[in-house]
Amino acid sequence: MRDYRYYQSAFAGIPKPFAFVDLDLLEQNAEQIALQSNGKPIRIASKSIRSVALLKHLLQFDDCFSGLMCFSAPEALHLCAAGFDDLLLGYPVWEKSWLLALGEQIRQGRTITLMIDSVSHVEHLEQIAREQDVIFPVCLDIDMSSDMWGLHFGVWRSPLRSLESAVALAARVASSKHLRLDGIMGYEAQIAGVGDRYPRRFMKNSLIRLLKQRSVKEVAHRRAELMKALTAMGISLRFVNGGGTGSLHHTGKEDAVTELTAGSGFFSPGLFDYYQDFHFQPAAGFALEIIRKPTEHIYTCAGGGYIASGSAGADRLPKPYLPQGVRLISNEGAGEVQTPIQYRGLETLELGDPVFFRHAKAGELCERFSRLYCVSGGNVVDEVTTYRGDGLCSL
């Protein structure tokens, strides 16, 4: 863990607030992610990074990182303009103007795969592909949630919840003149995206671990059965995608899976502190400036209300990081224009000093800042733009 003075010295003179990435820790995380992949290629989830420069850095860091999973059509087009290829849209696109633009990129030779999960998607894409005289590569998004003991363990995402429904849609795509079944994807969010090591929640943590253990086996079986059925139909796929940072160590062992996806683990945001099976280094964060001192141990920082998406709770608040021992005040939290913090540690904090925080989620940090300061070896070595800094505001 870095100490307060390491970052205070490295960022001396930089106006606050600012966001940063520790390149040394980022690369340590990348190495650990690569080790967990069981030798399979890893597609980077760009929504967790949201910086063209950092995406290029990671793709060049290790040959195991190959391709991107995007979150929107405007983002995919932005990445095409920046020279990226092999883009998988992680979510369906419906807006015709965006599909026409993506179709033009495909016509020019880009490898862009669109996500589908229904006949409605198929028919909509067919109509547009027919108009453009282009073939859209598509990927089936298979629901990987688990239903156990009357509990829906997972996220509401794809309606393809049975083997029969997935096979039927695959057959429909195979019969199309304007679509090509490029791959299938199944994101086991209940394994990859749910913490199971929260403090003072022994019973809930134990239940989640039990649910995860059962779900890991179920997901692997369902994916294997689907691939067996598609092979019997004579359908050959370019890829079978699975996983997320939180499930790499499980999904990478599945024979049916040909590639994995990881994103948040590169930055290791605050929510990643609550997982039992792995630990990554906190490689990204932001700094706020102390502008008030209401009492001896309370300091007020400018800004900071960068609340993460998801079910509202204390774990969605930004996480005070350095100096060690700093914490939010429970009845105020993180505010739009000011954030009070309490600190009783050994560092002497003055007006104008920074307090360092980590965002609860990875990519959402970059929605708040136009640039990231890159630190390595105790010095700022680069300054790169985020998507927002590039002028991209899509979701």
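**A guided tour**

Modeller: Gladly! This is a predicted model, and of the 395 residues in its chain, 56% count as buried.

Biologist: How many helices and strands does the chain have, and what is its radius of gyration?

Modeller: The chain has twelve helices and 19 strands. For 395 residues the globule rule gives 21 Å, and the chain comes close to that, so it is as compact as a globular protein of that length. Its radius of gyration is 22 Å.

Biologist: What share of the contacts with a separation of 6 or more is between residues 24 or more positions apart?

Modeller: Here we look at contacts in the chain with a separation of 6 or more. Among these contacts, residues 24 or more positions apart account for 71%.

Biologist: How far apart are the end C-alpha atoms of helix α7?

Modeller: Helix α7 covers residues 163-174, which makes twelve residues. At 1.5 Å a residue the helix should span 16 Å, and the model agrees with that. The end C-alpha atoms of α7 are 16 Å apart.

Biologist: Which residues of α7 are buried, and within what arc do they fall?

Modeller: The buried residues in α7 are A166, L169, A170 and V173. Seen down the axis of α7, they line one face of the helix, because they fall within an arc of 105°. As background, an α-helix has 3.6 residues a turn, so residues three or four places apart point the same way. The arc for α7, then, is 105°.

Biologist: Is L179 buried or exposed?

Modeller: L179 sits in strand β9, residues 179-186. Leaving aside neighbours within four places in sequence, L179 is in contact with residues including V122, L125, F136 and V173. Buried means under 20% relative accessible area. L179 has 5% relative accessibility, so it counts as buried.

Biologist: How far apart in space are L179 and L125?

Modeller: In sequence, 54 residues separate L179 and L125. From C-alpha to C-alpha, their distance in space is 7.8 Å.

Biologist: What kind of aromatic pair do F11 and F356 form?

Modeller: The structure holds 16 aromatic pairs. In the pair of F11 and F356, the ring centres are 6.3 Å apart and the planes lie at 45°, so the pair is tilted.

Biologist: How many residues apart in sequence are the parts that F11 and F356 tie together?

Modeller: F11 lies in the loop between α1 and β1, while F356 belongs to strand β17. Both F11 and F356 are buried. Because of where they lie, their pair ties together parts that are 345 residues apart in sequence.

Key: Residues numbered from 1 in each chain as written. Predicted model: local features only at pLDDT ≥ 70, side-chain atom pairs only at ≥ 80, totals over all residues. Heavy atoms only, no water. Helix = DSSP H or I, 4+ residues; strand = E, 2+ residues; numbered from the N terminus. Expected span 1.5 Å × (residues − 1). Buried < 20%, exposed > 50% of the residue type's maximum accessible area, 1.4 Å probe, protein only. Arc of directions from axis to C-beta. Rg over C-alpha atoms; globule rule 2.2 N^0.38 Å. Contact = heavy atoms within 4.5 Å. Phe/Tyr/Trp six-rings, centres within 6.5 Å; stacked < 30°, edge-to-face > 60°.
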